[in-house]
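User: I would like a close look at one part of this model. Please keep it brisk.

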Amino acid sequence: MATSPTNFSAAPSAAGYLYQARLALALCLKYVNTDASVEVGIERLDDVSFEANGTALELLQAKHHINRVASLTDKSVDLWKTLRVWSEAAAKDPTLPARTRLALVTTGSAPDDSAAGKLRPAGAYPAGEMRDPKAATALLEAVAEAGGNQELKAAYAAFLALGPTMRISLLSSIEILDNQPLVTDLGEVIEKDLRLLAPRGQATVARERLEGWWWPRVCKAFIASPAESIAVLEIEAKLDDIRDGLKRDALVADQEHVDPPIDEIADYEGRPFVRQLKVVGVGGNRVEYAKRDYYRAFTQRSKWVREHLVFDGEIARYEQTLIEEWQPRFQQMRDKIGDGEITDTARRQAGQELYSWVEADARFPFRTVSHRFLTVGSYHILANDLRVGWHPDYEMTCSDEEV
């Protein structure tokens, strides 16, 4: 029985944990090939942490809100819960603010005149404006001293327990990164960085493969006791592996199982490659398979061209290979028929035999890709232009609109 959504959905919490893991990967990429000693932790020292030789370099609190309505006002629960964590950490280790970058990453927004708005990274302000940790400290002290929110009582106390100088020192080390992408949008962020690391046009595939490795690796780190960090060197090694698989001679055929839209199939009905099949008696499901192979080959080749993954003239050379493989077989069929009288049924049968070779046996690789759909579909693309054919007299028989 179907159930209705309730007010107790775990979706926001689940999205928050997924956000931490995906955010960690996105942020790791800035360390790739720059600092081999860095490791990333999730739910270790903080929501996300970057460490080197056991010392925290960056501590990040991640706040994800699906509907983006959260606002980091001076009384924000997100802000004060974060301040409690870092205030208590600074009380235990007064050197923390001086040696560690603290960042609150949130999909919400901070009003410009709020304490959080005064703690954005230096480059986030327009000309003439700048960070102001002292002003932010004064605003937050006023909120903490006024109290009023029992839920945040411990957070207020932790912040006020720091001396005035330490409060300013703590806020000086904090950066508020607001209006950040949702968990679903982080893929674009990751792909943008991977454009510098992956072959041209392959950032999406590289991201899919990297994340396919990342999620199981995060799970392994989570269940370790204690939770373990993940070395940036591991990510570098995986990226090297992905690059090897995506180098220009290793094309990815990702249209093999794509089904054509219904309107595309309907449009193919009157095309020359379909008339070529019907004129030799191919019908039923075999025609539908041919339409599918035509669509897949056409979209795959178009995608490679659009993403600049094929060399100039490479598709033309591939088509020439297919034509030259077809030519002697077509001529053998013509020689077998001869110049004498022969029934149309026999001509159609000969054409079916030639097309059966394409269906069942013709497999010519395009670089390293040797999928059936590419060869068969490319033959249909050629047949659509009457550059190859199946009927002994295909050029005359199929040049008119009517079969």
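At what angle do the axes of helix α7 (residues 186–194) and helix α8 (residues 203–223) cross, and within what distance do they come?

Analyst: This is a predicted model, in which local features need pLDDT of at least 70, side-chain atom pairs count only at pLDDT 80 or more, and totals for chains, interfaces and linings use all residues. Residues are numbered from 1 along each chain as its sequence is written, and side-chain values use heavy atoms, with hydrogens and water left out.

The axes of α7 and α8 cross at roughly 115 degrees and come within 9 Å. Axes here are lines fitted to C-alpha atoms, for helices over the stretch in contact, with angles from 0 to 180 degrees between N-to-C directions. Helices (H or I, at least four residues) and strands (E, at least two) are DSSP runs, numbered from the N terminus. The two helices are therefore roughly perpendicular, a term for angles of 65 to 115 degrees, with under 35 roughly parallel, over 145 roughly antiparallel and the rest oblique. Contact (heavy atoms within 4.5 Å) involves G187, I190, E191 and L194 on the α7 side. From α8 come A203, T204, A206, R207, L210 and E211.

Now the strands that precede this pair in numbering. Strands pair if DSSP finds at least two bridges between them. Strand β4 (residues 101–106) runs parallel to β3 (residues 55–63), joined by six bridges. There, A62 has V105 as its bridge partner. Four bridges join β4 to β5 (residues 174–177), also parallel, with L104 partnered by I176. Five of the six β4 residues are buried, so the strand is largely enclosed by the rest of the structure. Buried means under 20% relative accessible area, exposed over 50%, partly exposed in between (1.4 Å probe, protein chains only).
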